[in-house]
Amino acid sequence: NCQVSSTLYNAVLEAGNSLTVIERHAHGKSVTYVPKDRDAAVSYGSVDLKFKNNTANDIKMYFSTDDKTVTVRIVKLV
C-alpha cells in the first residue's frame with residue numbers, strides 16, 4: 001500500500017501548482033522504493049495521503065505495476 005501511496009505522492013509533487021498536498025505522513029524509517037523524504041505512509045483509519053486539485057478541470061489517474069515497479073500518471077481532462 002505504501003509503495004503505491006508514495007508513488008502517487010511523487011506524481012502529485014511533479015504536477016506542480018496544479019495539485020496541493022493536504023495530508024501526508026512520512027514513514028518512521030527510510031524506505032527503499034523512493035528517495036528520502038518522498039514517501040507517503042498510509043494506514044486504514046489512521047493516516048492518509050490527501051491532495052487537492054487546484055485546476056478547473058477534472059483529473060484522471062492511471063496506475064500500473066509489474067513485478068518491480070509501480071507507475072502513476074496524472075492527466076488533466078479537457
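Relative accessible area sorts residues into buried (under 20%), exposed (over 50%) and partly exposed (in between), using a 1.4 Å probe and protein chains only. This is a predicted model, in which local features need pLDDT of at least 70 and side-chain atom pairs count only at pLDDT 80 or more, while totals for chains, interfaces and linings use all residues. Residues are numbered from 1 along each chain as its sequence is written, and side-chain values use heavy atoms, with hydrogens and water left out.

**Overall fold**
- The chain has one helix and four strands, where helices (H or I, at least four residues) and strands (E, at least two) are DSSP runs numbered from the N terminus.
- From the N terminus on, these elements follow the order α-β-β-β-β.
- Buried residues account for 22% of the 78 residues in the chain.

**Salt bridges**
- Four salt bridges are found in the whole structure, each being a side-chain nitrogen of Lys or Arg within 4 Å of a carboxyl oxygen of Asp or Glu.
- Arginine 24 pairs with aspartate 39, with the closest N and O atoms 3.2 Å apart.
- Both of these residues lie in the loop between E1 and E2, so the pair ties together parts that are 15 residues apart in sequence.
- Within this pair, arginine 24 is partly exposed at 27% relative accessibility, whereas aspartate 39 is buried at 7%.
- Glutamate 14 and arginine 38 form a salt bridge at 3.3 Å, N to O; glutamate 14 is exposed, with a relative accessible area of 62%, and arginine 38 is partly exposed at 26%.
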